[in-house]
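Open the model in your viewer and keep the selection tool at hand. The stops below are meant to be followed in order.

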Amino acid sequence: MQSGIFHASYQKDMAFRHTPAQFIRLGLVLAFALIFPFLANNYYLTLANQIGVAAIGAIGLNLLTGFTGQISLGQGAFMAVGAYSSGLMAARLGLPWFVTIPLACLITAMVGALFGVPSLRLKGLYLAIATLAAQQIIEWLITHWDALTGGVEALVVPAPTLFGSAINTDFRFYWIILICLIGTTLFASNLLRSKVGRAFVAIRDQDIAAEVMGVNLFRYKLTAFAVSSFFVGLSGALTAHYRTIISWERFTLETSILFLAMIIIGGLGSISGSIYGAAFMTLLPAILSNLGRGLEDFVPAMARLIPFLQQAAFGLVIILFLIFEPEGIAKLWRDVKDYFRLWPFSY
Amino acid sequence: MIQLAVEEVTLQFGGVVALRDVNLQVEQGAIHAIIGPNGAGKTSLLNCISRLYHPTQGRIFFEGRDLTTFHPHKIAELGIARSFQNIELFRGMTVLDNLMLGRHVHLRSGVLSGGFYWGKSQREEIAHRAIVEDIIDFLEIEAIRKKTVGTLAYGLQKRVELGRALALEPRLLLLDEPMAGMNVEEKEDMARFILDINEERGITVALIEHDMGVVMDISDEVTVLDFGQIIGQGTPEEVRSDPNVISAYLGEQEVTFRPI
Ligand SMILES: Nc1ncnc2c1ncn2[C@@H]1O[C@H](COP(=O)(O)OP(=O)(O)O)[C@@H](O)[C@H]1O
Ligand SMILES: [Mg+2]
């Protein structure tokens, strides 16, 4: 039984993982991620890819909302900026995806920082409304700036190619998404244990004290918007190249709210929680519609009811989480681990 | 040498005059107490120094520089740290992270070096962690260093807040009622820490405190505020026998000149 975790050096003490159990768990997760695509059929691969793309976007949003405390309703629009930037550069300029995706992330970071300017003066709900304006403005630009975006018409994005072969199957795209997700996770986790990340959390917890301790609020809030939007842009850009056909309808206010739900259910201010939340919110509708189809044989009216039931179940799950586990799946998982860390002396 | 000079500071909120023509000089290396009844304007004075409030009139000089020309976040860089009357810690962060945030102005890493945690950023974290650990040892809070601040008892939170301010390595430390709400034992500990900070680290301390026993024991200089005006100033002995001060305190229940 462990009574605590002690370390000989600060370097070891500051590492992410400490105990053999933690390393084993990490190894198992990685091994699973590597083996999974060889065992899964296309349906599960699609789900996995959707989860991966959503997780990157959720980590981005969590950096801003969960860690820095700046509520954003502009997630959908920022994903659109990433998706359209990368998609247009690839489709119109013929640039390769490994150039357009990083550029799209940078563009989204700049757009995000721009729309983060009101955060200096606005907090909470007021800021949420300002980011809602960002959502509407960007949506309007996409649907009305026909010459650039093609307006309400769908944009066809070429599938990425690597060494001459197209990455046009779920199996192949899986690896791109996996690498991006691992990169995003590592970068965000590192950032959060260094100067910039601490300043983010300090702003969330007590902005005036942070300022008194020397944190330039304006600069760090804009940085939070930029870094967050960078990864949200990545999520959008990956969506574009993965789907190969996108339209503005994929990036509406509903998307923004879906992502907020992901990080609330997964755990505000938790990187792993962002991933759990993305998985949960992607799998829930899939499970519900499978269930619905299964019931269709017995209850013919099911086909009509499925969409409504999905919405209702979504809402119900969010409410249940808010009531019973406001800290999300990440907290649930921590409790389970704590239980087994002390097991069998867990009283 | 005068380290902090408050000159003719007036602060108004609409019709309320929180401070009127306040002149105050804090000697380098001193422990300078600011006392006065509730609503006298003590916190407002500290807020003017921290640049959270902007004086309606007057100027404030720290080591010869006019603070009223600086942004609030620049005050920390100049070497001024503070604690708050109602603890303002980063509740979701650990004790360690709260203190590490105190090192903010001394750290150099940015988004990229932090995100990749390459050599420079990692070395920096470790070096500054050592400084923070010194402060943790000094304040005897080793046992709670990994605890989330929001879960700690009030007295400990006060101590952590002092630690966060110390982590800045300030030359001037402003403490707003560091002992409020503490029991006698906790107050004694806090008084000892303040004395040690002043003597061993050579940090000037300006503190607001209601417990007259403590004030008389540890301070070199006392300023008395009442209704936004200074009504007495001097050594503890001088202030104690000042008729103006005594009459301002007549009828005050919570503040008595009873030595501990
Ligand atoms: N932000 C503010 N807005 C309006 N009035 C304020 C504000 N801050 C302080 N005051 C007023 O200034 C006076 C002095 O308050 P304060 O400095 O908190 O007193 P003290 O710390 O001595 O108890 C009080 O009358 C208080 O109501
Ligand atoms: Mg006060």
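**A tour by selection**

Select A:C105 to begin: its relative accessibility is 2%, so this cysteine counts as buried (under 20% relative accessible area is buried, over 50% exposed, in between partly exposed, with a 1.4 Å probe and protein chains only). A:C105 is in no disulfide, and the nearest cysteine sulfur, that of A:C180, is 7.9 Å away. A disulfide here is a pair of cysteine sulfur atoms within 2.5 Å. Over all chains, the structure holds zero disulfides.

Before going on, note that this is a predicted model, in which local features need pLDDT of at least 70 and side-chain atom pairs count only at pLDDT 80 or more, while totals for chains, interfaces and linings use all residues. Residues are numbered from 1 along each chain as its sequence is written, chains are lettered from A and ligands numbered from 1 in the order in which they are written, and side-chain values use heavy atoms, leaving out hydrogens and water.

Colour chain B by pLDDT, the predictor's confidence in each residue, from 0 to 100. The mean for chain B is 92, and 96% of its residues reach 70 or more. For the complex, the predictor gives an ipTM of 0.92 and a pTM of 0.92.

B:T43 lies in helix α1 (residues 42-49) of chain B and B:Q85 in the loop between β6 (80-82) and α3 (95-102) of chain B, so the pair ties together parts 42 residues apart in sequence. Helices (H or I, at least four residues) and strands (E, at least two) are DSSP runs, numbered from the N terminus. B:T43 is partly exposed, at 24% relative accessible area, and so is B:Q85, at 28%.

Next, show the strands of chain B. Six of them form an open sheet with mixed pairing, in the order β6-β7-β8-β3-β9-β10; two strands pair if DSSP finds at least two bridges between them. β6 and β10 (229-234) of chain B are the edge strands, each pairing on one side only.

Zoom in on β6(B). Three bridges join this strand to the parallel β7 (residues 172-176) of chain B. B:I80 has B:L172 in β7(B) as its bridge partner.
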